Amino acid sequence: MSTANEAAAAEAKLAELAIANPENEANDSDGGEASDDGDKPKAAKSKKKRNKKRSKKKAGAGAAGQTADLTVPVSQLFPGNSYPEGEICEYRDDNNYRTASEEMRAKDRLGEARLTDLRRAAEVHREVRQSVRGRIKPGMDLTAVAEMIENGTRALVEVDGLAAGIGFPTGLSRNHCAAHYTPNAGDHVVIEADDVLKVDFGVQVNGSIIDSAFTMTWNDRYDPLLNAVRDATNTGIREAGIDVRLGDVGAAIQEVMESYEIELDGKTLPIRPIRNLCGHNIGPYTIHSGKSVPIVANNDPTRMEEGELFAIETFGSTGNGYVAEEGVCSHYAVTGDAAANARLPSARKLLSTITANFGTLPFCRRYLDRVGESRYYLGLKTLVDSGIVTAYPPLCDNPGSYTAQFEHTLILRPTVKEVLSRGDDY
Ligand code: HZT
Ligand code: MN
Ligand code: MN
């Protein structure tokens, strides 16, 4: 056996051990992931935790039986459609009555099927990320990382056309790039030792999408950045609730994020929220529907409402705190009228392939390649130009800056807020 293979085998063994024992933190390269208050300044530290109450069966503690290389469907690990609940949070103030209200409990029961789909998708997300967190290393190319995540998702969710599968392309954005980078064919970009990598992937069951993301580093100098963004995302999650104003969520996130700073190469830098990125509503087969959740203060009086599903995500940056589109596009989705078809024959055939395989879910060029499409670029461009398909190019801050992200999906149930994708990792 070559030394490379021996190293790989040792790696796999380590990952297996980490899975067998969820308390094992040997692979927790970005340190302090579980402990929250690492380098939190005094002002932010004194803020007390409200409405944090875990359910009996802790999400994240149930992955016993999964293999290191992700082969066991979660339906097998949790028979009878009984998946772990996410983190349960009682509503505050005027809405606290909801938890015990018989009327709200009756309404809650009407949403059980959707909740089962969401919890199953969330369990897949937790098990996939627990495995890949121990296997993603500098030196790997991004395609190998994406395929590890995507093949793991397909296996654990038991991919079944549009009824279950990948929710959107695996985001693998490095350093100053914050979002929407995934390799296209022929991209041989490799992870470097000092990279800050955002891993953003989605799982869907019957159109119910879990959207959750974390940041990986292999150098502890970035810990303050990661701690700032983790804290900011958890603040947004805590602040979210029925009747809460979106602008107030943004203000709370900004305050926490900006209470941190980081020293890099002897220079102390502020950590800024990326003000033109935000969280969002998630609808059936629709990754962003309706509302946006800002990560800076604004005067938007729009409120969160009962029954809504939200991705709460925050991005922190050592740069300008503002992203622009940069580089080659990989992510796309049908957002316009798929029936108002382009006349161009090449585009028409491509659109029928897209609709059949992805519906309105986001897809990437690699996904077109794997369903057998080739030389589709002009057709794809036609669909984008005619407004049927939306392009989502990589979003990057200024070169030389570093960006981090944490994201969870939560639902505002009639009785309680449930943070579906919560795990023991983040
Ligand atoms: C778009 C395309 C995708 C949604 C947020 C996001 C990854 O920035 C309104 C608010 C996947 C997701 C999305 F392929 N975007 N979450 N996770 N990206 S967004 C957006 O376009 S639209 C935020
Ligand atoms: Mn995401
Ligand atoms: Mn999102």
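Predicted model: local features only at pLDDT ≥ 70, side-chain atom pairs only at ≥ 80, totals over all residues.
Local features need pLDDT of at least 70, side-chain atom pairs count only at pLDDT 80 or more, and totals for chains, interfaces and linings use all residues. Residues are numbered from 1 along each chain as its sequence is written, chains are lettered from A and ligands numbered from 1 in the order in which they are written, and side-chain values use heavy atoms, with hydrogens and water left out.

The protein holds 11 helices and 18 strands. Both are DSSP runs numbered from the N terminus (helices: H or I, at least four residues; strands: E, at least two). Of its 426 residues, 54% count as buried. Buried means under 20% relative accessible area, exposed over 50%, and partly exposed in between (1.4 Å probe, protein chains only).

Donors are N, O and S atoms within 2.8 Å of the metal (3.2 Å for Na, K and Ca); water is not among the atoms, so sites may look incomplete. D200 lies in strand β4 (residues 196-205) and D211 in strand β5 (residues 208-217), so the pair ties together parts 11 residues apart in sequence.

The manganese ion (ligand 3) is coordinated by D211 (OD), H280 (NE2), E313 (OE) and E407 (OE), at 2.1 to 2.2 Å. Here the spacing reads D-x68-H-x32-E-x93-E. D211 in strand β5 and E407 in strand β17 (residues 403-412) are 196 residues apart, and the pair links distant parts of the chain. The two ions lie 3.4 Å apart, bridged by D211.

D211 counts as buried because its relative accessibility is 4%. E407 is also buried, at 0%. D211 has no salt bridge, defined as a side-chain nitrogen of Lys or Arg within 4 Å of a carboxyl oxygen of Asp or Glu. The nearest side chain of opposite charge, R129, is 10.0 Å away. For charge, Lys and Arg count as positive and Asp and Glu as negative; His and the chain ends are not counted. Beyond its neighbours within four places in sequence, D211 is in contact with residues including F168, F201, I282 and H408.

Terms used: Contact = heavy atoms within 4.5 Å.
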